[in-house]
Amino acid sequence: MYVCICNGVTDSQIRQAAANGCREVSELTMRTGCGATCGSCLDMASGLMDDYHAARRAPVIDLPLIASAA
Ligand code: FES
């Protein structure tokens with residue numbers, strides 16, 4: 001799906017940029033051109049990157065404390 005019509009940037013390209021370490025919209029714009037013209041795509045692009053990173057964040061697991069053997 002095209003997210004940035006002005007520059008022909010798709011949701012797949014945005015997820016790929018996120019997978020390659022892109023975390024800020026300004027960095028996404030530099031890498032892909034997304035948002036560089038009218039900017040109306042920036043909220044959706046930011047949401048896609050946030051969703052990507054949130055889905056890959058490691059869950060917090062509470063482990064029981066184990067008494068020291070020393
Ligand atoms: S739709 Fe992305 S800059 Fe216009």
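Visitor: What makes the contact of Arg31 with Glu27 a salt bridge?

Guide: In this predicted model, the closest N and O atoms of Arg31 and Glu27 are 2.6 Å apart, and because a salt bridge requires a side-chain nitrogen of Lys or Arg within 4 Å of a carboxyl oxygen of Asp or Glu, the pair qualifies as a salt bridge.

Visitor: Why is Glu27 called partly exposed?

Guide: The relative accessibility of Glu27 is 24%, and since buried means under 20% and exposed means over 50%, Glu27 falls in between and counts as partly exposed. Arg31, at 42%, is likewise partly exposed.

Visitor: How many salt bridges does the structure hold?

Guide: There are 2 salt bridges, and one of them joins the side chains of Arg15 and Asp11, with 3.0 Å from N to O. Arg15 and Asp11 lie in helix α1 (residues 11–19), 4 residues apart.

Visitor: Is Asp11 buried or exposed, and how do you know?

Guide: Asp11 has a relative accessible area of 13%, and because the cut-off for buried is under 20%, Asp11 is buried. Arg15, by contrast, reaches 35% and counts as partly exposed.

Visitor: What lets us say that the charged end of Arg56 sits over the ring of Tyr52?

Guide: The distance to the ring centre is 3.9 Å, while the distance cut-off is 6 Å, alongside a limit of 35 degrees from the ring normal; the charged end of Arg56 is accordingly described as sitting over the ring of Tyr52.

Key
Residues are numbered from 1 along each chain as its sequence is written. This is a predicted model: local features need pLDDT of at least 70, side-chain atom pairs count only at pLDDT 80 or more; totals for chains, interfaces and linings use all residues. Side-chain values use heavy atoms; hydrogens and water are left out. Helices (H or I, at least four residues) and strands (E, at least two) are DSSP runs, numbered from the N terminus. Buried means under 20% relative accessible area, exposed over 50%, partly exposed in between (1.4 Å probe, protein chains only).
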